[in-house]
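Subject: Structure for you to look at

Hello,

Here is the structure I promised to pass on. Please open it next to this email and follow along.

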Amino acid sequence: MEKIKVEHVSKVFGKQIPQALELVKQQKSKTDILKKTGATVGVYNASFSVNEGEIFVIMGLSGSGKSTLIRLLNRLIEPTSGNILIDGENISKMSKDALKTVRRNKMSMVFQNFGLFPHRTLLQNTEYGLEIRGVSKEERKAKAEQALENAGLLAYKDQYPNQLSGGMQQRVGLARALANDPEILLMDEAFSALDPLIRKEMQDELLDLQQTLKKTIIFITHDLNEALRIGDRIAIMKDGTIIQIGTGEEILTNPANDYVRTFVEDVDRSKVLTAENAMVRPVYVNVDLDGPTVALKRMREETVSLLMAVDKNRRLKGFITADDALLAAKKHEQTVHSIVQPEILTVPPDMLLQDILGMIHNSPTPIAVVKDERLLGVLIRGVVIEALSTYSEEAESHE
Amino acid sequence: MNNFLDNLPTLPLAPWVESAMDWLTSNFSAFFGTIQKSGKLLMSQVTDLLIGIPAIILILLIVILAFFATGKKFGLATFSLLGLLFIYNQGLWTQLMETTTLVLFSSIISIVIGIPLGILMSKSSIAESIIKPLLDFMQTMPGFVYLIPAVAFFGIGIVPGVFASVIFALPPTVRMTNLGIRQVPKELVEAADSYGSTASQKLFKVEIPLAKSTIMAGINQTVMLSLSMVVIASMIGAPGLGREVLTALQRTQVGNGFVAGLGLVIFAIIIDRLTQSFNKKKVQ
Ligand SMILES: Nc1ncnc2c1ncn2[C@@H]1O[C@H](COP(=O)(O)OP(=O)(O)OP(=O)(O)O)[C@@H](O)[C@H]1O
Ligand SMILES: [Mg+2]
């Protein structure tokens, strides 16, 4: 069922609004319009609808109008034109009193910097929405305590916000919103100020909550990974206009235009690790200098059974094994020249780990990372796999 | 060129102001008279009440207040004890009480007018653009000038003294209230709005509590400014320490003038530190 419907909504800040809107129609850029009229286009001609129980993510770069758009939904910002319907009621044409009632009962907002009142305790913060609605003291206390309990913060109820970590503060922000039992949650970059691990935790909590609560959630982020993780559908904004709406799958596989494509690719590319990121310090012998005894000693010290072989300029010559070194030592050979095996796989430092993964599976020896013939490091299978798996987790919660 | 300037007729601003004053005094004389009479009565009752309390008890009360207000430190308490004993010793106790009444009334009136005015300014940019230049005007005009309308409206005595002090001391409270409310972080105002607060809920539950320390700083300045008007107001017959200073000045009695002036300084320091410590306590 359709919960929110936004029809051709625009917001222009400043004067000369009609001229600015006219220029937008002529597809002039935001900076051109600002130069010509002094007006800033916040949102232009946005239309979309959100279904009940859906998490609708709005994504875009800084300044693309996300915050403006979400504030148009509860009319913290007055729209310049267009209609916003919530349960069929036109918010944009509502009287002040009616609007107040909708804000009190239907929707609550969660803020990027938490928006907690510093002079109120956590409990008093959580009670705020109920308090201004005139709910009785006992009832609002009970409800607020329940909300804090659900957030796991009841023990802190008499503390003040500045005594808490960011993650805890945002849990209170969410608890304050939920204590009101709204049908719609508006979340403006609610998790952006949190560090990656806490952020991922909060995403999980939100998804868990949503399983039981089934609120309609508008969630803003500028992080594709976050959008993909929690969004049922995603809208991408650029310079005040919505340029694509779809599920994460649709947006990834079928970007509407080049802007979306670069957006998606950018994030993808950043996800990827190179050889340089996973290589370890090489253990090697200098073929111009060291003999088999030195090689054996080094292997014992470093507990490896294989050494890289380089010349005095650290150019890679190959590798030697422990068995060969032992034989050579028995024969009292003075150098390791005769036992260096030149067949070793090398990769450049900027090669993608994903591509290396296939090679490393079939290679009996470690892979050498080489630049201009010089040995930089080696790649060991275990380390590569570990790097790939931990990184992909991090990437999901990373900006 | 000079000729041309000299030939311009003088703009009759002074006569205009004078006739406006005449009009006000003649048309509202009953109103001003009532204020003068009831104000005088009320203030002399307060002064009598203060004088009626045995000095030693009042001194001890202030010392205890200073001790607790400054977080159980002895500094201000000791200073108050010695300072007030000194004033008493110099035979200036009654004058101190009169000055207290004057400062008390002008501060309270300034606060009662100033805070709502500051709130109005913070809510309406139009109000701000009208009130701001008025405040600048009020603050840059020398305090003496306010004695003229004060005398015209209320004759001489403590009431015109309070009137002149209020005009002189009002601006900081208004300004700081405006500033404090405008400085409340945008996100917190949005939070209050997004939960459907009415304007007054937002004001009393969010904006004023958050602006409190700024407003208190303004009140502190207002109190100090009204204290600084004490000597000036004595020129139109306001009683108190200021009158002692003025008399000494007129008779060139350096010693007496110094003692009365010192009394004022002691009083000012006590009041300043006390109001500041209230502010600090409330912020926590
Ligand atoms: N009150 C305002 N007055 C004038 N211009 C504004 C106002 N609020 C926002 N804008 C402008 O509108 C545009 C969109 O701003 P908005 O804050 O919605 O972007 P955003 O997508 O939320 O960015 P961010 O990721 O940085 O939060 C920007 O160009 C901004 O400068
Ligand atoms: Mg924003």
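**A salt bridge between the chains**

Start with one pair of side chains: E131(A) and K205(B) meet in a salt bridge, at 2.6 Å from N to O. Please keep in mind that this is a predicted model.

How many salt bridges are there between chain B and chain A? The count is two. Polar contacts join the two chains as well. Twelve residue pairs are in polar contact between chain B and chain A, with both residues at pLDDT 80 or more.

Which helices of chain B supply at least two residues each to the side that touches chain A? They are α10 (186-194) and α11 (199-234). Helix α10(B) gives the most to that side, with seven residues. By class, the side of chain B that touches chain A holds seven nonpolar, five polar and five charged residues.

**The whole contact**

Chain B puts 17 residues into the contact, and chain A puts in 27 residues. Together the two chains bury about 1800 Å² between them. Of that area, 58% is on carbon and sulfur atoms. In chain B, three residues lose the most area to chain A: E187(B), Y195(B) and K205(B). Together they make up 41% of what that side buries.

**Chain B**

What is chain B built from, helices or strands? Chain B has 13 helices and zero strands. Its C-alpha trace spans about 65 × 60 × 45 Å along the principal axes.

The UniProt record, an unreviewed entry, has the feature "transmembrane region" for chain B. Residues 76-96 of chain B are 86% helix and 0% strand, and the end C-alpha atoms lie 18 Å apart. Residues 223-242 of chain B are 70% helix and 0% strand, with the end C-alpha atoms 16 Å apart.

**Chain A and ligand 1**

For chain A, UniProt lists "domain: ABC transporter" at residues 28-264, again in an unreviewed entry. In the model, residues 28-264 of chain A are 44% helix and 22% strand. The end C-alpha atoms of that span are 25 Å apart.

Next, find ligand 1. Which residues come nearest to ligand 1? There are 13 residues around it, and the nearest are S62(A), G63(A), K66(A), S67(A) and T68(A). Some distances are worth checking on screen. A polar side-chain atom of S67(A) lies 2.7 Å from an oxygen atom of ligand 1. G65(A) has a backbone N or O atom 3.0 Å from an oxygen atom of ligand 1. For E189(A), a polar side-chain atom lies 3.2 Å from an oxygen atom of ligand 1.

**Salt bridges over all chains**

Over all chains, the count comes to 32 salt bridges. One pair to find is D87(A) with K3(A), at 3.2 Å from N to O. This pair links distant parts of the chain, 84 residues apart. D87(A) sits in the loop between β4 (81-86) and β5 (89-90) of chain A, and K3(A) sits in strand β1 (residues 2-13) of chain A.

Write back with any questions.

Best wishes

Definitions and conventions
Residues numbered from 1 in each chain as written. Chains lettered and ligands numbered in written order. Heavy atoms only, no water. Contact = heavy atoms within 4.5 Å. Buried area = accessible area lost by both parts, 1.4 Å probe. Salt bridge = Lys/Arg side-chain N within 4 Å of Asp/Glu carboxyl O. Polar contact = N/O pair within 3.5 Å; in protein donor to acceptor, adjacent residues only side chain to side chain. Helix = DSSP H or I, 4+ residues; strand = E, 2+ residues; numbered from the N terminus. Nonpolar A, V, L, I, M, F, W, Y, C, P; charged D, E, K, R; others polar. UniProt positions renumbered as here; feature names shortened; annotations may be inferred. Near = heavy atom within 4 Å.
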